[in-house]
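Open the model in your viewer and keep the selection panel at hand. This tour tells you what to select next and what you will find there.

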Amino acid sequence: IGQLGPVDQRAPIIWFALGTAYLAAGQDADAKARFERIVGSEYQRLYRPVEFVRSFYHLARIAERQGDLVKARQHFARFAGYWKDGDLDRPQVEEALRKSQGS
């Protein structure tokens, strides 16, 4: 197994902040790109699990607004799968559990 070089642990924080800002500005396409970058990252996300998991919630909401209910359910399920037994984001987890099952 090869060694990892230095990993920029700040990148997911920046991507998440940008994604959140784009959401607030109503720019779903730009927000989606930032959240997808987080969930698609290999090593950086290991250091930022909160941003990683919350990105699935935001991606689900974006997919829902775009009418892609299959993708929205997948993202909601992934979000709920990580957070369902925890204490964080309880209202969002309840919503995600409902919506991931098509309710």
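Helices (H or I, at least four residues) and strands (E, at least two) are DSSP runs, numbered from the N terminus. This is a predicted model: local features need pLDDT of at least 70, side-chain atom pairs count only at pLDDT 80 or more, and totals for chains, interfaces and linings use all residues. Residues are numbered from 1 along each chain as its sequence is written, and side-chain values use heavy atoms, with hydrogens and water left out.

**Stop 1: the loop between H2 and H3**

Select Tyr-43. The loop between H2 and H3 holds this residue. Tyr-43 has 39% relative accessibility, so it counts as partly exposed. The scale runs as follows: buried means under 20% relative accessible area, exposed over 50%, and partly exposed in between (1.4 Å probe, protein chains only).

With Tyr-43 they make a nonpolar surface patch, and together the three have about 320 Å² of accessible area. Patches are made of residues with over 30% relative accessible area and no salt bridge; like charges are joined within 9 Å, nonpolar side chains (Val, Leu, Ile, Met, Phe, Trp, Tyr) within 5 Å. The areas come from the Shrake-Rupley method with a 1.4 Å probe, and for residues only the protein chains shown count as cover.

**Stop 2: the core**

Go inside next. Which members of the largest nonpolar core touch the most other members? Select Phe-35, Ile-38, Phe-76 and Phe-79: they do, in a core of 21 residues. Five helices each supply at least two residues of this core: H1 (11–24), H2 (28–40), H3 (49–65), H4 (69–83) and H5 (90–100). H3 gives the largest share, eight residues. A nonpolar core here is a set of buried Ala, Val, Leu, Ile, Met, Phe, Trp, Tyr and Cys residues joined through side-chain atoms within 4.5 Å. In soluble globular proteins, nonpolar side chains tend to be buried together.

Zoom in on Ile-38. Leaving out residues up to four places away in sequence, Ile-38 touches Pro-12, Trp-15, Phe-16, Arg-45, Glu-51, Phe-52 and Ser-55. Contact means heavy atoms within 4.5 Å.

**Stop 3: helix H3**

Select H3 from end to end. Its 17 residues should span 24 Å at 1.5 Å a residue, and its end C-alpha atoms are 25 Å apart, which agrees. The expected span is 1.5 Å times one less than the number of residues.

Colour the buried residues of H3. Among them are Glu-51, Phe-52, Val-53, Phe-56, Tyr-57, Leu-59 and Ile-62. What covers the buried residues of H3? The cover includes H1, H2, H4 and H5. Step just past H3 to Gly-67, where phi is positive, at about 85 degrees.

**Stop 4: a salt-bridge network**

The structure holds eight salt bridges. Each is a side-chain nitrogen of Lys or Arg within 4 Å of a carboxyl oxygen of Asp or Glu.

Select Arg-61 and Glu-64. Their side chains form a salt bridge (3.6 Å, N to O). Why are they about one helical turn apart? Because they sit three residues apart in helix H3. Arg-61 is partly exposed at 31% relative accessible area, and Glu-64 is partly exposed at 26%.

Glu-95 is buried, at 12% relative accessibility.

A salt bridge joins its side chain to that of Glu-64 (3.0 Å, N to O). Lys-99 lies in H5 and Glu-64 in H3, so the pair ties together parts that are 35 residues apart in sequence. Lys-99 is partly exposed, at 22%. Through shared partners, salt bridges join Arg-61, Glu-64, Glu-95 and Lys-99 into one network.

**Stop 5**

Start with Asp-89, in the loop between H4 and H5. Its phi is near 55 degrees, a positive value in a residue other than glycine. Is Asp-89 buried or exposed? It is buried, with a relative accessible area of 18%.

Move to Leu-97 in helix H5. Leu-97 is partly exposed, at 28%. The C-alpha atoms of Leu-97 and Ala-80 are separated by 6.0 Å, although the two are 17 residues apart along the chain.

End at Ser-100, also in helix H5. Ser-100 is buried, at 19%. Not counting residues up to four places away in sequence, Ser-100 touches Arg-73, Phe-76 and Ala-77.
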